[in-house]
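Please consider the complex shown below. The paragraphs that follow treat its interface, the makeup of chain A, and the confidence of the coordinates.

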Amino acid sequence: MSLFPVLVTAWALVLLVPVLAGRLGPLAGWAGAAGLGVLTVVVAAGPASSPEPVTEVLPWIPALDVMVRLRMDGLAALFALLVLGVGAVILAYSTSYLTERRSGGFYALMTAFAAAMLTLVLADDLVLLFVAWEITTLCSYLLILRVGPKGREPAARTLLITVSGGLALLAAVCTIVVRTGTTQLSVALADPAWGTDPVFAGVVAVLVAVAAMTKAAQFPFHSWLPDAMVAPAPVSAYLHAAAMVKAGIYLLMRFSGAASAAPVWPWLLVTVGVVTALIGGVFALQRHDLKELLAYSTVSQLGLLVAVIGVGTPGALLAASAHVVAHALFKSAGFMTVGLLERRAGTRDLREIRGLFRAMPWAATMIVLAALSMAGIPITLGFVSKEYVLDAALTASGGPAVLAAAGLGVAAVLTVAYSARMVVPVMFGAPGELRPAAGTRVMAGTITVTAVAGAALGPAAPVLDRLLAGSAAASLSVPATGIDGFYAWHGINPALAVSVAAIAAGAALVAARGRVDRLLDRPLWPFTGVGAVERLRAGVIDLGRATGRPTAGDSPARHLLVPILLIGVGGTAAVALRAGDVAAAAGTSRASDLLLLLLAATGVGAVLAARERLAAVLAAGVVGFAVALWFYGLGAADVALTQLLVEVLTVAVIVLILRRLPRGFPRSRGGGGRRTVVRGALAVGAGAAATTAALAMTGWRGPSAASTWFLAEAEERTGGSNVVNTILVDFRALDTFGELVVLALAALVMTALLDARRPQPLRVLDDPAAPVSDPRANAVFLRTAAKVLVPFLLLASVYVLLRGHNAPGGGFIGALVGASALVLAYLAAPSDGAGRVRLPFLLVAGMGAVVAAATGLLGLADGSFLRPLHADLLGVHLSTALVFDVGVYLAVLGVVVAGLNLLGAPQAEGAEPLSDGSDEDRASEEVAR
Amino acid sequence: MILALTIGILVAGAAYLMLDRSYLRAVLGFLLLGHAVNLLLFAAGGTQRRGEPLDGTDPAAAADPLPQAFVLTAIVIAFAITIVMLVLAVTGRAGDDTADRDRPAEHPEPRR
């Protein structure tokens with residue numbers, strides 16, 4: 001089986017296992033374990049044993065050359081096997097560890113974690129790599145969050161640290177793609193720029209290192225890992241052994257060939273790694289909680305890995321590969337044992353567990369095996385891999401290697417000490433009470449698998465030779481023949497001497513453990529890592545609050561201030577870019593334009609000066625007419641007609657609104673003067689910027705290519721001679737389609753709003769003596785005219801719709817004419833009730849969208865959504881574009897009728913309680929307040 | 001030149017109205033801004049050529065049809081949005097004065 005089926009199967013498990021868990025409960029984990037186990041075997045037998053890297057490609061975003069590229073070389077094979085194999089073991093462990101019935105969410109996240117890690121290590125595309133990286137971040141966040149209330153804070157802190165690392169990786173990915181011009185990882189890593197451009201190599205090296213260090217819990221980002229311990233044992237085991245933190249190690253190894261060209265890379269990695277290894281070791285010696293001890297030991301071990309990757313020789317990468325395997329095995333065994341202890345002894349405190357060897361001999365043996373491997377006692381796998389690590393540091397040359405050798409030697413002492421501390425005190429003494437072993441056999445079994453493998457692979461080291469050598473070769477992009485073999489015994493050499501010395505010193509620390517405990521049993525720093533992250537988080541939240549404060553209110557002015565300022569800035573920028581061209585282009589003005597300018601300016605002035613709402617609305621109508629005349633003058637009869645009709649309808653709808661508002665505008669109360677000055681200054685600035693911007697971009701070029709093409713081709717291609725209409729319904733019908741969906745939505749929004757919230761009451765002047773108080777007598781002329789005009793306008797609207805393809809008109813204008821007829825009928829009626837249009841407006845608007853969509857689907861017959869079909873019937877040219885225009889017509893009509901009906905009704909019926917249910921809702925709302 | 005001045009006046013009026021306390025005035029400002037932007041789209045097509053883009057017009061003198069199509073849809077969409085905004089003006093509290101709601105709403109983060 002090749003790579004894609006493997007990956008797809010892994011993701012399919014994410015769907016399958018939770019579904020099974022709904023029926024089987026925790027036992028569904030067996031399906032996941034079996035799935036991952038089979039994949040492990042398939043990968044090991046297939047692509048992982050291929051001598052050449054296996055690559056596969058599927059298009060993803062071909063326009064950007066972003067592909068789902070998969071590639072399995074030695075390094076990917078090592079991590080893929082680890083992810084799948086350890087994942088299978090841990091899922092099997094979970095079947096007996098979990099007791100809750102609802103385990104679907106847990107399994108979904110664990111399998112997704114495995115699938116995302118697999119995607120990460122197989123990705124040969126930088127974008128895919130980044131996406132997989134972020135999915136692992138989210139999985140770990142959700143797994144910690146799942147614990148309940150006590151998991152919330154640690155989950156947030158974990159997310160904060162790992163996401164900031166994700167941002168560093170994103171920056172690295174962008175830099176690499178821009179510099180090397182490819183998103184293919186293997187090609188980008190082989191780019192000559194790494195060697196020739198030290199700035200590029202240095203920047204990317206630091207970004208990648210930071211990203212990896214956040215995930216791999218390196219100082220100063222280490223605090224999330226012990227923090228994340230609130231998660232249940234299987235999650236911790238996977239997180240520490242094969243997933244999350246190993247993603248960081250994988251990234252460092254993947255980049256170690258290319259990034260080591262930057263001098264900062266070895267120093268950064270070795271320094272951070274050594275510091276982390278040492279403080280992790282000291283902290284581990286301080287803890288009494290077994291799980292915490294293990295968590296800090298992971299921090300320390302990862303520091304060792306990072307440092308040895310920093311050394312960067314083929315031997316160092318071989319050592320890193322070996323130690324990754326060793327660590328995965330002994331650490332998963334350790335965490336799973338702690339889970340078992342927690343279940344049976346009810347505690348994981350070192351000071352409370354006693355007599356483990358007598359009480360649970362099997363589990364005790366296994367934890368001893370794991371601890372031996374962790375401490376590097378001969379001849380476990382942990383010993384062999386540590387020999388390689390020390391050997392790599394001792395034999396390499398250069399400053400970083402010396403630092404690594406010294407630091408890792410001391411770290412080895414600490415490792416021996418905390419490993420012993422984990423087992424020695426709990427083995428002997430009188431055993432406490434234990435819960436029955438029933439149901440924990442599977443747990444014991446899986447622990448056995450990993451612990452025994454971790455110990456036995458030491459003597460059987462050559463089994464791993466091919467895998468590890470391949471991994472080291474792939475990380476440095478060198479042939480595997482240049483890598484030393486992997487075997488158990490190196491003979492007497494300096495590394496062995498250091499190992500023996502470390503074991504002796506460690507044993508001394510164990511012997512004096514009472515004194516060490518007393519020495520360390522106090523805070524070592526004035527602050528804790530968790531506290532620092534917490535302060536950082538509070539700072540981020542405060543920053544967000546401060547950023548949002550200027551717009552934290554519901555006054556429109558607050559929010560509109562920013563766009564208005566932007567208009568000013570944008571206009572100024574446009575002028576700055578074309579300095580010198582602020583004069584108008586020749587031939588863009590005509591004498592008649594002056595009249596239009598005057599009309600518009602008068603209208604705007606009148607709007608500003610109006611003290612009453614009705615006056616302001618009428619003045620705004622004047623501006624609208626001036627703009628319509630502008631459109632007509634600029635050669636756009638269609639647009640002018642539309643503008644004119646919209647203006648009429650807008651005024652009609654606003655008048656309906658005005659009945660519910662006070663007559664005058666609210667008076668300003670104190671401080672108004674200063675506010676007016678500021679507003680005036682802003683307004684003048686925005687206006688000046690808009691004018692100069694318009695000047696800068698108007699009339700400096702000939703007809704656009706699109707214009708020429710449309711004018712020349714439109715009629716021949718569509719059979720319509722009104723170019724604007726053909727653009728609307730033929731060429732850019734998708735835009736128009738989107739627009740009429742917006743219209744239908746507007747009708748829906750209005751209905752929903754007035755259903756949910758009672759409109760303000762009418763403010764009708766109750767004065768029987770007023771000359772306008774009798775609607776019948778008052779509207780007599782209008783009513784008489786309406787008798788003729790309404791049918792005429794309705795007919796005209798259909799005519800305008802039909803002729804639109806060839807002459808000014810079309811669906812928009814037709815619908816607006818029809819709507820004017822309805823408005824006229826409404827205004828002529830003696831009462832609100834009589835004037836209502838009995839039209840199911842939501843249905844009409846919805847039908848508009850449906851008709852347009854159906855016409856568009858017909859176009860698929862000719863190969864494309866919304867492509868019009870043409871036919872000549874009895875000498876008349878027919879086109880489905882006309883049917884599309886009918887859709888436009890219906891949508892526009894629906895919106896106008898919605899406004900008319902909803903606002904024109906004396907008391908919108910929707911505002912009345914619809915049923916008992918809504919009454920109850922309202923009551924419960926009251927209570928909630 | 002004159003079109004640019006018209007655009008400037010419309011934008012200035014729009015900006016002034018939008019910063020007003022009365023919600024209705026802000027809506028009117030929105031209307032004016034819509035006019036200004038529509039005219040700006042026309043300006044982008046060039047205003048030397050002002051012939052109707054219809055059959056029989058000399059293509060060299062015909063106006064650019066693309067901005068016209070854009071503006072046509074823009075007008076109708078702006079109309080629909082205006083109606084929705086107007087509905088908002090009369091739902092909820094009496095009147096449309098927004099000033100006393102200016103104060104920043106302090107929602108202290110619930111302590112967890």
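How many residues of chain B are in contact with chain A? In this predicted model, the count is 85 residues of chain B, which touch 101 residues of chain A. On the side of chain B that touches chain A, the elements giving two or more residues are helix H1 (2–18), helix H2 (23–45) and helix H3 (65–90) of chain B. H3(B) provides the largest share of that side, with 21 residues. By residue class, the side of chain B that touches chain A comprises 54 nonpolar, 17 polar and 14 charged residues.

Attention now turns to chain A. Its secondary structure consists of 39 helices and 4 strands. Of the 929 residues in chain A, 51% are buried. Where contacts in chain A join residues at least 6 apart in sequence, 80% of them link residues at least 24 apart.

One helix of chain A may be followed in detail. Helix H6 of chain A, residues 152–180, contains 29 residues. From its first C-alpha to its last, H6(A) reaches 41 Å, close to the 42 Å expected at 1.5 Å a residue. Just after H6(A) comes Gly181(A), which takes a positive phi of about 75 degrees.

Confidence remains to be considered. Chain A has a mean pLDDT of 84, with 94% of its residues at 70 or more. Over residues 908–929 of chain A, however, pLDDT stays under 50. For this segment of chain A the model has 11 contacts beyond four places in sequence.

Terms used. Residues numbered from 1 in each chain as written. Chains lettered and ligands numbered in written order. Predicted model: local features only at pLDDT ≥ 70, side-chain atom pairs only at ≥ 80, totals over all residues. Contact = placed C-beta atoms within 7 Å. Nonpolar A, V, L, I, M, F, W, Y, C, P; charged D, E, K, R; others polar. pLDDT = per-residue confidence, 0-100. Buried ≥ 20, exposed ≤ 12 C-beta atoms within 10 Å, placed from the backbone. Expected span 1.5 Å × (residues − 1).
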